[in-house]
Amino acid sequence: MISTKNLHFTYNSSTSFHFPDLSCEKSDSLLITGGSGKGKTTLLHLLGGLQRAESGSIIIDDCDITSLSNRELDRFRGQNIGIVLQQSHFVASLNVLENLTLSSWLASGKQSDVRALELLDHLGLADQKHKAPAQLSIGQQQRASIARALINQPKLLLADEPTSSLDDMNAEVVASLLSDLSKEYNAALIIVTHDQRLKQRFEKSVEL
């Protein structure tokens with residue numbers, strides 16, 4: 001589903017990253033760990049097409065996204081990649097349901113209201129759909145972020161430090177949701193984290 005080769009990225013003359021080659025199949029999970037400054041978030045941004053690699057290839061479902069134009073990359077990301085970031089970045093003026101349907105509209109030009117409601121119900125947030133994101137707990141916000149990432153049925157699900165701000169109980173809930181939902185939706189799951197608790201949850205891992 002996703003594989004990389006010879007990925008290289010440079011911020012400036014003193015900060016350069018050479019990333020190991022990675023691969024992750026449909027319904028499979030890969031944990032990427034490493035200390036601060038090792039490039040975990042940078043790698044996730046490269047995989048999600050949020051930043052451009054200086055060299056190397058990123059193949060997602062037989063498409064090398066490094067060869068796409070910015071417009072093509074935006075379209076590909078919206079239709080094929082779901083991203084759960086450290087900060088939720090919800091639109092504060094919209095409620096939870098509207099934030100999900102906005103994501104579907106931006107990717108396809110259509111509002112997937114039924115699918116959004118199904119996801120919220122599946123993640124135990126049906127009764128929170130009309131609330132503003134700021135009214136949700138941290139754990140609820142993280143689950144809403146997962147719902148938003150899944151709204152367009154992505155082939156690749158990326159998560160950046162999804163449990164770092166959660167207590168043990170909610171961290172286990174979110175980790176289980178990510179793993180179970182990636183299998184349910186047949187998506188490759190890649191998590192970048194320094195949270196040592198997740199090493200006990202995911203067998204395949206790469207340390208930067």
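Me: How far apart are the mean positions of the positive and negative charges of the protein?
Reply: The model is a predicted one, in which local features need pLDDT of at least 70 and side-chain atom pairs count only at pLDDT 80 or more, while totals for chains, interfaces and linings use all residues. Residues are numbered from 1 along each chain as its sequence is written, and side-chain values use heavy atoms, with hydrogens and water left out. The mean positions of the 20 positive and 24 negative charges are 3 Å apart, where Lys and Arg count as positive, Asp and Glu as negative, and His and the chain ends are not counted; each charge is placed at NZ of Lys, CZ of Arg, CG of Asp or CD of Glu.

Me: What makes α5 mostly covered?
Reply: Buried means under 20% relative accessible area with a 1.4 Å probe, counting protein chains only, and 12 of the 13 residues of α5 are buried, among them Arg143, Ile146 and Leu150. These buried residues pack against elements including α3 (96-108) and α6 (168-184), contact meaning heavy atoms within 4.5 Å.

Me: Why does the span of α5 agree with its length?
Reply: The expected span is 1.5 Å times one less than the number of residues; for residues 138-150 that should be 18 Å, and the end C-alpha atoms are 19 Å apart, which agrees.

Key
Helices (H or I, at least four residues) and strands (E, at least two) are DSSP runs, numbered from the N terminus. Buried means under 20% relative accessible area, exposed over 50%, partly exposed in between (1.4 Å probe, protein chains only).
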